[in-house]
Amino acid sequence: MQYDNGGELLVAHLESLGIDTVFGIVSVHNLPLVEAVDRHLRFVPVRHEATAVNAADGYGRARGSIGCALTSTGTGAGNAAGSLIEALSAGTAVLHVTGQVESEYLGSGRGFIHETKDQLGMLGAVSTYAATVTSARDAGRVLREASAAALATPGGPASVEWPIDLQYAAQVDAGEAVPSGGAPSPDPAELAAAQALLAKSRRPLIWAGGGARHARQELAALLEATGAGLLTSNSGRGSVPEDHPLVIGNFGTNPAVRALLADADVLVSIGTHFRSNETADYNLKLPEAHIQIDADAAALGRVYPARHALHAEATAVLPSLTGAAARADADWSARVTAVRDEVRAALHDDIGPQAALCDALAAALPRGAVVARDVTIPSSSWGNRLLPMHDPRANVFPRGGGIGQGLGMGIGAALARPDEPTAVIAGDGGLAVHLGELLTVAQERPRLTLIVFNDGGYGVLRNMQDKYGERRSGVDLFTPDFGPLAAACALPYARIAAPEEAAPVLEAALASDGPTLVEVDLTALGPMKNPFTPPVKIPTA
């Protein structure tokens, strides 16, 4: 195939991936790409390169596929690096295409405009794949290789730097296929031993991570066949709808769940990293009889010992385990359901007046609608646990823990699924990181409800300092008046200052066909019953 320029080639490639919306910032070093995308697809001009990647990430997560971000070279690519780290941490598929200086001057170090030292090395450090387009004949191959790497297991962002002269050049694409690495296959002896262990188990538990989100039917079948309890990481939420009576969810460190783990006779873990914040800094004890399934060989036994390590895709190996598994004791399944109800009721009570917001969101959102959550107290306490998830594509949050990324992810998700509402949970501190993206929301008018929990600073760290220290440092911040700010951005505005206001305000906002900024005045609303502090070690505590 021949194309007039690189932009036309890029559009053809994106259409082959099913991508209809691209996020980025126009530059002299990506102009042919942006112009072609804007002619044929939808180009969303965000206000910061980090948001371009976050939005592409959220777009891909909400669709269960891949998103695309366009940035400029040098500083622009550097600005994108933090969000590429998030996609790398989460293993989510993002195609990041960045400009580069003219190939004649590449690497010369002469200070050509937008040039930076070893841009490819920087991109390689924060991407699962990074490459340079070196001729007008290899761009198509590089784009296909990048996209395949992003979509593979464990996946992540793939970055392509494209010199501007080669973007303008006519392209010739041979269309060669990208070789597939093939699916991993578990050791037959290990699989047989795992089957035998499940056949005699009467008190089983399952722990589902992000690797389970592509094996929803297979996981549900195992759960039904065994009557096991299902724990999840934050990333695994929604793999089985959380209103299922056997889904305990993201409560692994809760005392009642620890007791279940202590009494379980087998644990099957599926595609989870066992992150520090979900295992009490690895102090959580798991059963010694541990069957671990992961398509990433490096993950097997990395955090917890695995009696039987199965290197395989969950979709391929779970049916074999389901066929061999026995049914749990009836009193065990009943205990699982009782613990599920207990941990939810306790957290609902702990969060005090914020429970009204959680309940209102759960009632007003369509089943499976996206809730994008920034790193903030409401997300970390109840948004990541109590607010029900029924579909893993609805579960959008910064898995690497970086603050300020939630709005960008929400913008991407809302434009990926324009026919249903998207909710974004953010704090005033995190929102300030990319406050300019309110202008993107105003310009693009997605069906997005931005819920800003305003406590005048970094509430998580404030709570830590109040609990463990003698003074506050860097946590109390100036906060804008969100009503006039919304008006300046032509955004509808509403305020919640009491529990009884949550349901009518959120119902109206989520029912609208465009964006709304909802401020939750936490001072007026009142404190949680038990202030939230993150599960991190404080050596002086």
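**Salt bridges and a cavity, read together**

Modeller: A search of the whole structure turns up 22 salt bridges. This is a predicted model, where local features need pLDDT of at least 70, side-chain atom pairs count only at pLDDT 80 or more, and totals for chains, interfaces and linings use all residues. Residues are numbered from 1 along each chain as its sequence is written, and side-chain values use heavy atoms, with hydrogens and water left out.

Biologist: What counts as a salt bridge here?

Modeller: A side-chain nitrogen of Lys or Arg within 4 Å of a carboxyl oxygen of Asp or Glu. Take Arg-61 and Glu-86: their closest N and O atoms are 2.7 Å apart. Arg-61 sits in helix H3 (residues 49–63) and Glu-86 in helix H4 (residues 75–90), so the pair ties together parts 25 residues apart in sequence. Helices (H or I, at least four residues) and strands (E, at least two) are DSSP runs, numbered from the N terminus.

Biologist: Are Arg-61 and Glu-86 buried or exposed?

Modeller: Buried, both of them. That word means under 20% relative accessible area, exposed means over 50%, and partly exposed is in between (1.4 Å probe, protein chains only).

Biologist: Which residue does Arg-335 pair with?

Modeller: Asp-263, with the closest N and O atoms 2.9 Å apart. This pair links distant parts of the chain, helix H12 (residues 330–350) and helix H10 (residues 255–263), 72 residues apart. Arg-335 is partly exposed at 29% relative accessibility, and Asp-263 is partly exposed at 35%.

Biologist: And what about Asp-349?

Modeller: Asp-349 bridges to Lys-529, closest N and O atoms 2.6 Å apart. Asp-349 belongs to helix H12 and Lys-529 to the segment after helix H21 (522–525), so parts 180 residues apart in sequence are tied together. Asp-349 is partly exposed at 39%, while Lys-529 counts as exposed at 54%. Elsewhere, shared partners join Asp-455, Arg-462, Asp-466, Arg-472 and Asp-476 into one salt-bridge network.

Biologist: How do I read a cavity?

Modeller: Rolling a probe the size of a water molecule over the atoms shows where empty space is left. On a 1 Å grid over the protein atoms alone, a cavity is a set of points where a 1.4 Å probe fits but cannot get out; lining residues have an atom within 4 Å of a point.

Biologist: Which residues line the largest cavity?

Modeller: Among them are Leu-438, Leu-448 and Thr-516. Helix H17 (437–444), strand E18 (448–454) and strand E20 (516–521) each give two or more residues to the lining.

Terms used: On a 1 Å grid over the protein atoms alone, a cavity is a set of points where a 1.4 Å probe fits but cannot get out, and a pocket is an open set with protein on both sides within 12 Å along at least five of seven lines; lining residues have an atom within 4 Å of a point.
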